Amino acid sequence: MTKTRREFMHMGAATLAALPVLATTAQAQTTHTVTIKNMQFSPPNLTVSVGDTITWVNEDRVRHSAWESNGNNFDTGLIGSGESASLTFGSAGTFDYRCRPHGNMRGSITVS
Ligand SMILES: [Cu+2]
């Protein structure tokens, strides 16, 4: 478990550096939580402000992710059971996302 978490954090850092939609500075205003439970994102659709942070919390026993597959604007990487991943959104837009292992798990983030 510890090894998996380290790998995830490394991947998260690389994603932050590469993707302009994500803020590069810690100017988070509000942190919103999306709970992943019973193979669903809750709430599935969320509207936030530029600079806000979203934390996905995985309460299932299997690994999930939040991946913006249309433009590959963000990808949390796999989130283990009982773990979480946070992303800060630096640009406005609407982003549909899905879980990479479970393509039928979908959600959307609107940043305004
Ligand atoms: Cu999943």
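User: Is H64 buried or exposed?

Analyst: Buried means under 20% relative accessible area, exposed means over 50%, and partly exposed lies in between, with a 1.4 Å probe and protein chains only. H64 comes out at 0% relative accessibility, so H64 counts as buried. Keep in mind that this is a predicted model, where local features need pLDDT of at least 70, side-chain atom pairs count only at pLDDT 80 or more, and totals for chains, interfaces and linings use all residues. Residues are numbered from 1 along each chain as its sequence is written, and side-chain values use heavy atoms, with hydrogens and water left out.

User: Which atoms are the protein donors of the copper ion?

Analyst: Donors are N, O and S atoms within 2.8 Å of the metal (3.2 Å for Na, K and Ca); water is not among the atoms, so sites may look incomplete. Here you'll find H64 (ND1), C99 (SG), H102 (ND1) and M105 (SD), at 1.9 to 2.8 Å from the copper ion. Along the chain, their spacing reads H-x34-C-x2-H-x2-M. H64 sits in the loop between β4 (53-58) and β5 (84-88), and M105 in the loop between β6 (93-98) and β7 (106-111), so the pair ties together parts that are 41 residues apart in sequence. Strands here are DSSP runs of E with at least two residues, numbered from the N terminus. M105 is buried too, with a relative accessible area of 2%.

User: What is the geometry of the site of the copper ion?

Analyst: Four donors count as tetrahedral if all angles lie between 85 and 135 degrees. The ideal angle for four tetrahedral donors is 109.5 degrees. In this site the four donor atoms make angles of 90 to 131 degrees, and the site is tetrahedral.

User: In what order do the four strands of the open sheet stand?

Analyst: Two strands pair if DSSP finds at least two bridges between them. The order is β2-β1-β4-β5, with mixed pairing. β2 (40-42) and β5 are at the edges with a single partner strand each, so one side of each has no neighbour in the sheet. β4 and β5 pair in the antiparallel sense over five bridges, and V57 stands opposite S84 in β5.

User: What is the phi of M39?

Analyst: M39 has a positive phi of about 65 degrees, although it isn't a glycine. M39 lies in the loop between β1 (31-37) and β2, and is partly exposed at 37% relative accessible area.

Definitions and conventions
Four donors count as tetrahedral if all angles lie between 85 and 135 degrees; four count as square planar and six as octahedral if opposite donors are over 155 degrees apart and all others between 65 and 115; anything else is irregular.
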